[in-house]
Amino acid sequence: ISQTSTQKGQPMVLFLASFMASQKSSIQRECVGCLCELSEEPENKKVLAENHLGGFTIAQWLTNMLNSPIEAIAAYSACTLYAIDEYINVSFSQEIHFYLFICGN
């Protein structure tokens, strides 16, 4: 799937990332779960770190998902942020710790 593009030529990982904007938590959960798995591939890490959705970076979308009341969404988002951390200018390890362990209580 890493090498697969949509009919519009967009990388499949970006198409999947677009579902983070869904209002349905089940779709968000599946979306960030897929991104978590796909972020293990170096080419996907770079795509996720360098692209925007709706005016925000994908990292910003994932950071917002850390606030989700659904633990799976927050955990998948944290794992994805951790995976792409090396490709972005901001280190998210402290932010992940803050959202998961301080705000979560």
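Start at Ser77: setting aside residues within four places in sequence, Ser77 is in contact with Val32, Leu62, Met65 and Leu66. Ser77 lies in helix 5, and at 0% relative accessibility it counts as buried. Keep in mind that this is a predicted model.

From here, have a look at how helix 5 sits against helix 2. Two packed helices are described by the angle between their axes and the distance between the axes. For helix 2 and helix 5, the angle is about 25° and the axes are 8 Å apart. Angles under 35 degrees count as roughly parallel, so helix 2 is roughly parallel to helix 5. The crossing of helix 2 past helix 5 is left-handed.

Which residues in helix 2 and helix 5 meet? On the helix 2 side they are Ser25, Gln28, Arg29, Val32, Gly33, Leu35 and Cys36, and on the helix 5 side Ala72, Ile73, Tyr76, Ser77, Cys79 and Thr80. Sorted by class, the contact holds 7 nonpolar, 5 polar and 1 charged residues.

Further along helix 5 comes Leu81. Leu81 is buried as well, with a relative accessible area of 0%. In sequence, Leu81 and Leu48 are 33 residues apart, while their C-alpha atoms are 9.3 Å apart in space.

In soluble globular proteins, nonpolar side chains tend to be buried together. Here the largest nonpolar core has 24 residues, and the members touching the most others are Met20, Leu35, Ile58, Leu62 and Ile84. Helix 1 (12–17), helix 2 (25–38), helix 3 (42–50), helix 4 (58–65) and helix 5 (71–84) each supply at least two residues of this core. Helix 1 gives the largest share, 5 residues.

As for Ile58, it touches Leu14, Ala17, Met20, Leu48, Asn51 and Leu53, not counting residues up to four places away in sequence.

Last stop: Lys45, in helix 3. Is Lys45 buried or exposed? The relative accessible area of Lys45 is 14%, and buried means under 20%, so this lysine counts as buried. Leaving aside neighbours within four places in sequence, Lys45 is in contact with Ser39, Glu40, Ala83, Ile84, Glu86 and Tyr87. One of those partners, Ile84, takes us back to the core, where it is among the members that touch the most others.

Key:
Residues numbered from 1 in each chain as written. Predicted model: local features only at pLDDT ≥ 70, side-chain atom pairs only at ≥ 80, totals over all residues. Heavy atoms only, no water. Core = buried A, V, L, I, M, F, W, Y, C linked by side-chain atoms within 4.5 Å. Buried < 20%, exposed > 50% of the residue type's maximum accessible area, 1.4 Å probe, protein only. Helix = DSSP H or I, 4+ residues; strand = E, 2+ residues; numbered from the N terminus. Contact = heavy atoms within 4.5 Å. Axes fitted to C-alpha atoms, helices over the stretch in contact; angles between N-to-C directions. Parallel < 35°, antiparallel > 145°, perpendicular 65-115°, else oblique. Left-handed = near helix turned anticlockwise from the far one by under 90°. Nonpolar A, V, L, I, M, F, W, Y, C, P; charged D, E, K, R; others polar.
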